[in-house]
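Dear colleague,

Please find below the structure that I am handing over to you. I would be grateful if you could read the notes after it with the model open beside them.

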Amino acid sequence: MSKLGQDEFGLYVQNVIRGEGVDTSGVAFDNQAPTAVFFKERMTNQDPNIYYYRHHSAASLLSPDDLDENYLQSAKYLH
């Protein structure tokens with residue numbers, strides 16, 4: 001369960017995850033907010049720089065009202 005932006009990146013994320021056999025039926029799309037992105041910059045011999053663009057993203061707007069309690073109770077795994 002998550003929320004993605006109704007944008008090309010959100011559709012890509014859903015398709016890739018679904019292609020890996022993950023049930024994406026609980027994914028909602030938001031027409032007003034973009035899909036969040038997360039980048040890790042590889043650094044030689046040091047910790048990576050991390051850039052997380054989540055502010056005002058669709059996932060940041062996920063609320064308890066977006067969750068299906070019955071679906072969660074029937075899940076084998078939760079990540």
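This is a predicted model: local features need pLDDT of at least 70, side-chain atom pairs count only at pLDDT 80 or more; totals for chains, interfaces and linings use all residues.

Residues are numbered from 1 along each chain as its sequence is written, and side-chain values use heavy atoms, with hydrogens and water left out.

The chain as a whole

The protein chain has two helices and four strands; helices (H or I, at least four residues) and strands (E, at least two) are DSSP runs, numbered from the N terminus. Starting at the N terminus, the order of these elements is β-α-β-β-β-α.

The radius of gyration of the protein chain is 15 Å, whereas a compact globule of 79 residues would have one near 12 Å. That radius is taken over C-alpha atoms, and the globule rule is 2.2 Å times the number of residues to the power 0.38. Along the principal axes, the C-alpha atoms fill a box of roughly 45 × 30 × 25 Å.

Of the 79 residues in the protein chain, 16% are buried. Here buried means under 20% relative accessible area, exposed over 50%, and partly exposed in between (1.4 Å probe, protein chains only). The chain exposes about 6,600 Å², and carbon and sulfur atoms supply 50% of this area. Accessible areas come from the Shrake-Rupley method with a 1.4 Å probe; for residues, only the protein chains shown count as cover.

Contact means heavy atoms within 4.5 Å. Among contacts between residues at least 6 apart in sequence, 54% join residues at least 24 apart.

The largest pocket

The largest pocket has a volume of about 750 Å³. Of the 25 residues that line this pocket, M1, S2, V22, D23 and H79 are the closest to its centre. On a 1 Å grid over the protein atoms alone, a pocket is an open set of points where a 1.4 Å probe fits, with protein on both sides within 12 Å along at least five of seven lines, and lining residues have an atom within 4 Å of a point. Grid points are joined across faces, edges and corners, and the volume is the space filled by probe spheres set on the points.

Strand 1 (2-5), helix 1 (8-19) and helix 2 (69-74) each supply at least two residues of the lining. Helix 1 gives the most, with four residues. By type, the lining residues divide into 15 nonpolar, seven polar and three charged. In this count Ala, Val, Leu, Ile, Met, Phe, Trp, Tyr, Cys and Pro are nonpolar, Asp, Glu, Lys and Arg are charged, and the others, Gly among them, are polar.

L4 lies in strand 1 and counts as buried, at 9% relative accessibility. Leaving aside neighbours within four places in sequence, L4 is in contact with G10, V13, Q14, V27, A28, F29, D30, T35 and A58. The C-alpha atoms of L4 and S60 are separated by 9.6 Å, although the two residues are 56 apart along the chain.

Q14, in helix 1, is buried as well, with a relative accessible area of 13%. Beyond its neighbours within four places in sequence, Q14 is in contact with L4, T24 and F29.

T24 is found in the loop between helix 1 and strand 2 (27-30) and is buried, with a relative accessible area of 9%. With neighbours within four places in sequence left aside, the contacts of T24 are Q14, I17 and R18. T24 and L4 are 20 residues apart in sequence and 11 Å apart in space, C-alpha to C-alpha.

Two residues with a positive phi

Most residues other than glycine have a negative phi. N45 is not a glycine, yet it has a positive phi of about 60°. The place of N45 is in the loop between strand 3 (37-41) and strand 4 (49-53), and N45 is exposed, with a relative accessible area of 79%.

H56 also has a positive phi, of about 65°, without being a glycine. H56 belongs to the loop between strand 4 and helix 2 and is exposed, with a relative accessible area of 55%. Not counting residues up to four places away in sequence, H56 touches A33 and P34. The C-alpha atoms of H56 and A36, which are 20 residues apart along the chain, are separated by 8.4 Å.

With kind regards
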